[in-house]
Amino acid sequence: MHPAKSVIYFTTASGAGYGLMVWLAVMGALGYIPADRTFGLVAFGIAFFLIISGLISSTGHLGRPERAWRALSQWRSSWLSREGVLAILTFAPTGIYALTWVVLGKNTGLAGVIGLVGAVLSLTTIYATSMIYASLKAIPAWSNRWTSVGYLVLGLMTGSAIMLGLQSVFGVGHSGLIIKLTTVLLALGGFIKLCYWRSLGAGGARSTAESATGLGTNGRVHMVESPHGEDNYLLKEMGYKIARKHAQKLRRLALVLGFIIPMALVAAMAVIIPELSLALSLLALVSVIIGLAMERWLFFAEAKHVVMLFYGQSEV
Amino acid sequence: MTCLPQNASRVKLGLVIDLDICVGCHACAVNCKEWNTSGKLAPLTDIDPYGAKPDGVWFNRVHTFEAVDEAAGTSRTVHFPRSCLHCEDAPCVTVCPTGASYKRDDDGIVLINTDICIGCKLCSWACPYGAREYDEDEGVMKKCTLCVDKIYNENLPPESRVPACVSTCPTGARSFGDLGDPDSDVSKLVEARGGYALMPEQGTAPVNRYLPPRPKKVGDGMAPRMLEHHDDSADGAGLLARWVDKVLSV
Amino acid sequence: MSVNPFATVKEDVDLSPEVADEVKCTTCYMCACRCGIRVHLKDGKVRYIEGNPDHPVNQGVLCGKGSAGIMQQYSPAKLKKPLLRVGERGSGEFKEIEWDEALALATDWLGEVRMRDPSKLAFFTGRDQSQSFTGWWAKQYGTHNFAAHGGFCSVNMAAGGIYTLGGAFWEFGEPDWDLTKYFMLFGVAEDHDSNPIKIGLGKLKTRGEAKFVAVNPSRNGYNAIADEWIGIRPGTDGLFVFALIHELLRAEKIDFASLARYTNATWLIIENPGKSDDGLVLRDAKGNPLCYDVKKKRAVSALGADISPALAGSFTVSKKKVTPVFELLAKRYLSDEYSPDTVAGPTGVPASTIRRIAAELAKIAFEEEVVIEQEWTDSWGRKHDKMIGRPVSFHAMRGISAHSNGFHTCRAIHILQALLGSVDVPGGWRNKAPYPKPIPPGPRPSGEPIGPNMPLEGMPLGTPEGPEDLLVDDLGEPLRIDHAYSWEYPMSAHGMMHMVLHNAANADPYSVDVLFMYMANMAWNSSMNVPGTLEYFTAKNDDGEYKIPKIIYSDAFWSETVPYCDLILPDTTYLERWDCISMLDRPISSAHGAGDSIRQPVLQPEGDVRPFQDVLLDLGARLGLSGMTDNSGKPKYPGGYVDYMVNHERGEGIGPLAGWRGAKGDKHGRGEVNPNQIERYIENGCFWSMTLPKSQQYFKCANKDYLEYAASVGWIASSEPIIHHLYSEPVQKFRLAAQGHGKRQPPEKHRERIETYFDPLPIWYMPFEEAEIDRKKYPLHALSQRPMHMYHSWGSQNAWLRQITSANKLHIHVDTAASLGIEDGDWVWIESRHGRVKGEVKLITGVNPQTVWTWNAIGKRKGAWNLSEEAPEANKGFLLNHIISEVLAPGKDGQRYSNSDPVTGQAAWFDLRVNVTKCAVEEAGATEPMFERFPHSPGAAPAAEVSRYGADLKGKPTGKQAPLRDWVGNRHENAGNVAGLADGKGNALKDGDK
Ligand SMILES: Nc1nc2c(c(=O)[nH]1)N[C@H]1C(S)=C(S)[C@@H](COP(=O)(O)OP(=O)(O)OC[C@H]3O[C@@H](n4cnc5c(=O)[nH]c(N)nc54)[C@H](O)[C@@H]3O)O[C@H]1N2
Ligand SMILES: Nc1nc2c(c(=O)[nH]1)N[C@H]1C(S)=C(S)[C@@H](COP(=O)(O)OP(=O)(O)OC[C@H]3O[C@@H](n4cnc5c(=O)[nH]c(N)nc54)[C@H](O)[C@@H]3O)O[C@H]1N2
Ligand code: SF4
Ligand code: SF4
Ligand code: SF4
Ligand code: SF4
Ligand code: SF4
Ligand SMILES: [Mo]
């Protein structure tokens, strides 16, 4: 699939934003973080910025962005619609929670409950986003169980990495907990990604050029003449190809930058002099962001659409 | 409603394409473009029409495949038109966030309301058959309409009330009708020829059917493998002698 | 509009929008197939073009090209105004001039030449569909230097047919699609009869009981749906057919009765080696051919009835040793030289396959005959109570004819048909009116120059019967600029347009003063050796004058040729003019009956353009040509071509249009001029067709009623039976001349060649290029084929068609490529002895491994057709024409013959041999040679970046809805497959639907 920047940004940024939102709510509600106003202002600012800029970016992918509002109507069947509705719904509790935190300086009790509702909705929204992809049978690389798990865990993971950075900057909250949490999430994220990549290679093809054309009884099928001389929409959108070797290299890089290095850096925070932990946490965050951008780029670029079976691929 | 019709009528309009006689002439593809460029989803925009990368909206595209059976040492060439299959479980409909993509209750035709389409392209990702065509210029999705504005059109003479691709196909490889009615001509044709659906594993339940290319008739016992010679003398001397005596009355 | 974001908007689809303000019928000309179309017009623009269901040619269908008519009409490459060259030839620099000036200039040039020597005008008209008109114009002008494109197209097929069966394949005959049980297709990718062949193949395949065998090095298109594909090596079909004949003879699977009746198998041939009558037919005093009656034991007229003619043996009649044709034929093809085992090697077709095909042919022909219960009467007055047919049919086209041995191969295929008794019989191959014609049909070519300002005596093109009909001077040198009808290519019945530029630039045999061309892209895809041809266009004498001093050209588009001409007469498109598809040249008949058609203007011409036929009549009148001016010197057809179509008479009561003649419009075929004729055509959908009574639909060559009818309407001169020529006496006459007999003999230098190739019975020889080259150095055959969706060079200006194919690739067999180290997508040099071109590779399995092929005429020159400079056509597309030489290697005495068939002058496009090598990495990605770019046409608007054609033609809702109907592709044929399907082609209505 064509790795469109707007969609890569949308999925990573909103995932991170909702992830951050979740940790703010959970840690705030459970009293691990005091309702520090400046911290709150910045943290919620970042979370909302990521969520909103992600949503705006996603409309960059639309042919008619001015009609984007129409995307809310089909929540009964469409995950994209559900995602939109959920995103809007989520703004209510998270917004109130942010206000109570920043304005009233309260983040526990009733505020905490509202925050937790926001956290649940945030997770549901990430899930809905993931289901936009996971529900597409025509793209086997997406329509598998790892997609949603991946989106959820990576969202929470980036959220916690940001949280860690914020806590380091502001020196608020229980940094030991967030260090542990981030480390665990990074490990889990890396593990899930590995599983995901393994699943892409394994399991055999779901559709083949033979099943696409129904000509399998006559032998192995391959295209010899394309219906058109130049690339059409399908080829531009779904015919994206990256070399296997290139993909392998990028996967390794994504793994190292997105998970291993940050994990090492975060782990180092626990043992190394606290003065360095700020730098380490920010470095870890930067590394996560770069790694995740690559991961998400690969998520699109590596995904093969069954329509390519009509255009020369033999199996997807 | 982008949910699929619940109380759908049993009418399932669709196409039947005979791969045994399609010669790959592209007539169906071009005539489709010609009708539809002023039809319901007008225009079928062309980008860079006289330039380096001409690309436009087409509802029908004709591929050519080879099927090679290395073990048997055989291969064959098959021309393969591809357009919307008007699936019963059309994922392009259910994924659409706006309701622009829908399946008609009356006849099962899958259509797009381009007045409300936001061009999110999700339906094109959902369609396994590449049947959806994005109009870059208008920013909306388009696709085969099964010539909904032709098949019922009272302003046309009856013989023109068929999809453009069907009425134009020079070999008669394309048929059109109600595949929901087991007694319709097309259903009978499908039945008789073992018509099949593409990629059933995708769970889309296409309405359109393809008729498989028939087995080749290479020496299938239609005649002895060689003729009995009446004379095998060099240069047929004996035969010529026989023919000298042949009396023909004209 | 509701702005509730959660509401679902339901669309109310308009099921019955208005479609058109007006629907007009006319005839398609996106190719030469002549399909009937209905043009839906809205707001003065074309809304939709569909096939006319009532039309006999296409029965409602339309091909890909025909469906793209809209984009031809709105092509940015259309010429808009007469042009006069101002820069050098090829520079593309023109100034726009007014028609008055253009016509005055043309009249000047043409008038001056005519006053001196009319034959110094070379008038060549390419893809002309009005040859009976343009040829007649040339005759009135007085130049024999006239031809259309037939010589480089398929004259082998035409000549092979008309000299053998009195009719030919092309679109002049067709298999009996409804009844045939075995159909063999030789060397066809698309052909002129494009939609009829597709309709026919669809019927035949759907019926399911017939077998379809394709003989073709390539397996695409029609060949892909064949039941059996024989991937023969190019140029060897003659051997394959001889081997089939060999097998059939050996097994005596021959229709002897039909041979005796309808062919010259029984005619006695004089065997008198070295003498002037050797190989001629023994005739009586009246000129009747004789056969030997075995009962009467004497020679009798072979044309008589109640005879018992000998097929074999040797006889002495009037002291002459004579042998029946059949014996000569049998002796030749029974020879081991033509046994399946011998030909298997060169053809690449296994002997067992050849034997099996022969057996299948015999089985179908002799055991599965079809019988139509229909009385008919033969030419001898004998009544037959039924029509019995051998349901084997053939069709062949350029794969056979575009080789230098094509004439004989074409004849061989027809002879095989005759041996099987499947000519013009139920289930066989059938002639379309006005064919069959006498063999040869006559008239003879006309060409002895009469003098200044004089017309020719007859038409410039014709069919020679022997050396006396050649157009040569006293020294035996050619009289025509293209050397047609000379000793070099004696039976070049369609002329040799492909040699005109070469010869004119080399003043061989003389230089011309004006070259006048119409509808032929001679600076590109219709010439061999494009680089050389461009030099011929631009070659200058020492005095700086062009060797071809003046070139007038009529094109409708900014083709590659326009910039090389001096005066451009811009034509209209096919939707903007009158045209006439006449019984006098290439009508729309079918085997069931005759037909002709017209084009009517359905749109106003865009730009200041004029129909070429109108312009020709205008020029004719200005030049004062007889036939085009009346006694007072005024134009005879002031109304232009449509005036001519109605009012011109070629013979008594015979005009360009055969329908609704006579003052009351009640006469067909022959009758006085009907002033309302055109209205009747328009009322009838722009065509006329008639169906012959069933009793006249078969055995036309000897069907008394048919022949009498055909003679009465002027299709043939008399109702004599038309006897098929297995043995061609005209061919033998040329050979005798070469052997030193007769008044007219070839110059010494041509004798051996004529003696070799003028064999009265078909022979096979290695195609010339293959024989001349080092076959190890050029191991592969290189072919081109027509894509079904493109017409030669016309298609690439079409915004829709060029999206399908914008660049061609070289198709190579996977195994061959592997042995050459070539992979899919590689760029390669394709090198012949003449030059090299570069292109991209596509690997396939459906091709003869010794053959590579590409699509024809996709490659374009930069600047042409007003395409952008980056167009793939000009950067990746390539022409094989660049590496096909128009001449063969020099002979002993330096004589360079055209790269053509030695009998007919047919251009040998498919003799090309090449080697293919992977090009260097830095060479990949762009084709070569790439010729200098020329500018876009004068006044051309910048090409649109986006085309939204049709957006404003969407019809308004009318709120109606019609009931639904089923449509099964070929309903009639499906009826055999599926019980209960209604009859008729798909457009039949369900009961009660109307
Ligand atoms: N390599 C290779 N070369 C081949 C062949 C092959 O098989 N292989 N085939 C050969 C054969 S059989 C043929 S017939 C030739 C065909 O070659 P051409 O006869 O050159 O055919 P076209 O390319 O169709 O070009 C005809 C010209 O007519 C112009 N034209 C189109 N419509 C109109 C009109 O309405 N009015 C006027 N005045 N002009 C018009 C076009 O713009 C174009 O310039 O090519 C030959 N060349
Ligand atoms: N769509 C379309 N239709 C056209 C035209 C067009 O340009 N486009 N042009 C028109 C014109 S002018 C013409 S002349 C006709 C020509 O129509 P066709 O005769 O169909 O011409 P080609 O495309 O040259 O196809 C020649 C076929 O012969 C095969 N062949 C080559 N050499 C041999 C051989 O030695 N033996 C055998 N058995 N086969 C061989 C090639 O593989 C190819 O399939 O088409 C007409 N119709
Ligand atoms: S028009 Fe008919 S024969 Fe031609 S490509 Fe389409 S389906 Fe095949
Ligand atoms: S073929 Fe594709 S576009 Fe058509 S209904 Fe099925 S899923 Fe939708
Ligand atoms: S592109 Fe249009 S039709 Fe397709 S899913 Fe999006 S809104 Fe629906
Ligand atoms: S049914 Fe109509 S819209 Fe669909 S492919 Fe055929 S012509 Fe095109
Ligand atoms: S075959 Fe096609 S292009 Fe040729 S006349 Fe017929 S419809 Fe037109
Ligand atoms: Mo041709």
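The model is a predicted one, in which local features need pLDDT of at least 70 and side-chain atom pairs count only at pLDDT 80 or more, while totals for chains, interfaces and linings use all residues. Residues are numbered from 1 along each chain as its sequence is written, chains are lettered from A and ligands numbered from 1 in the order in which they are written, and side-chain values use heavy atoms, with hydrogens and water left out.

A pair of aromatic rings is described by the distance of the centres and the angle of the planes. Rings of Phe, Tyr and Trp (its six-membered ring) pair if their centres lie within 6.5 Å; planes under 30 degrees apart count as stacked, over 60 as edge-to-face and the rest as tilted. By this rule, 73 aromatic pairs are found over all chains. In one of them, C:Phe183 and C:Phe212 are tilted, with 5.5 Å from centre to centre and 35 degrees between the planes. C:Phe183 belongs to strand β9 (residues 182–186) of chain C and C:Phe212 to strand β10 (residues 211–215) of chain C, so the pair ties together parts that are 29 residues apart in sequence. Helices (H or I, at least four residues) and strands (E, at least two) are DSSP runs, numbered from the N terminus. C:Phe183 is buried at 0% relative accessibility, and C:Phe212 is buried with a relative accessible area of 0%. The tyrosines C:Tyr333 and C:Tyr338 also form a tilted pair, at 5.8 Å centre to centre and 50 degrees between the planes. In chain A, ring pairs join A:Phe39, A:Phe44, A:Phe48, A:Phe91, A:Tyr97, A:Trp101 and A:Phe170 into a cluster.

Rings also meet charges. A charge sits over a ring if NZ of Lys or CZ of Arg is within 6 Å of the ring centre and within 35 degrees of the ring normal. The charged end of A:Arg296 sits over the ring of A:Tyr151, 4.3 Å from its centre, and B:Arg82 lies over the face of A:Phe310 at 5.6 Å from the ring centre.

C:Glu112 and C:Arg116 form one at 2.8 Å, N to O; four residues apart in helix α2 (residues 99–116) of chain C, they are separated by about one helical turn. C:Glu112 is partly exposed at 35%, and C:Arg116 is partly exposed at 42% relative accessibility. Another bridge links C:Glu327 and C:Lys331 (3.3 Å, N to O), both in helix α9 (residues 325–334) of chain C and four residues apart, about one turn of the helix. Here C:Glu327 is buried, at 7% relative accessible area, whereas C:Lys331 is partly exposed at 45%. A network of salt bridges links B:Asp20, B:Arg214, C:Lys205 and C:Asp227.

Finally, ligand 4 is surrounded by 13 residues, each with a heavy atom within 4 Å of it. The closest are B:Cys84, B:Leu85, B:Cys87, B:Cys92 and B:Cys127. The shell divides into ten nonpolar, one polar and two charged residues, where Ala, Val, Leu, Ile, Met, Phe, Trp, Tyr, Cys and Pro count as nonpolar, Asp, Glu, Lys and Arg as charged, and the others, Gly among them, as polar.

Conventions:
Buried means under 20% relative accessible area, exposed over 50%, partly exposed in between (1.4 Å probe, protein chains only). A salt bridge is a side-chain nitrogen of Lys or Arg within 4 Å of a carboxyl oxygen of Asp or Glu.
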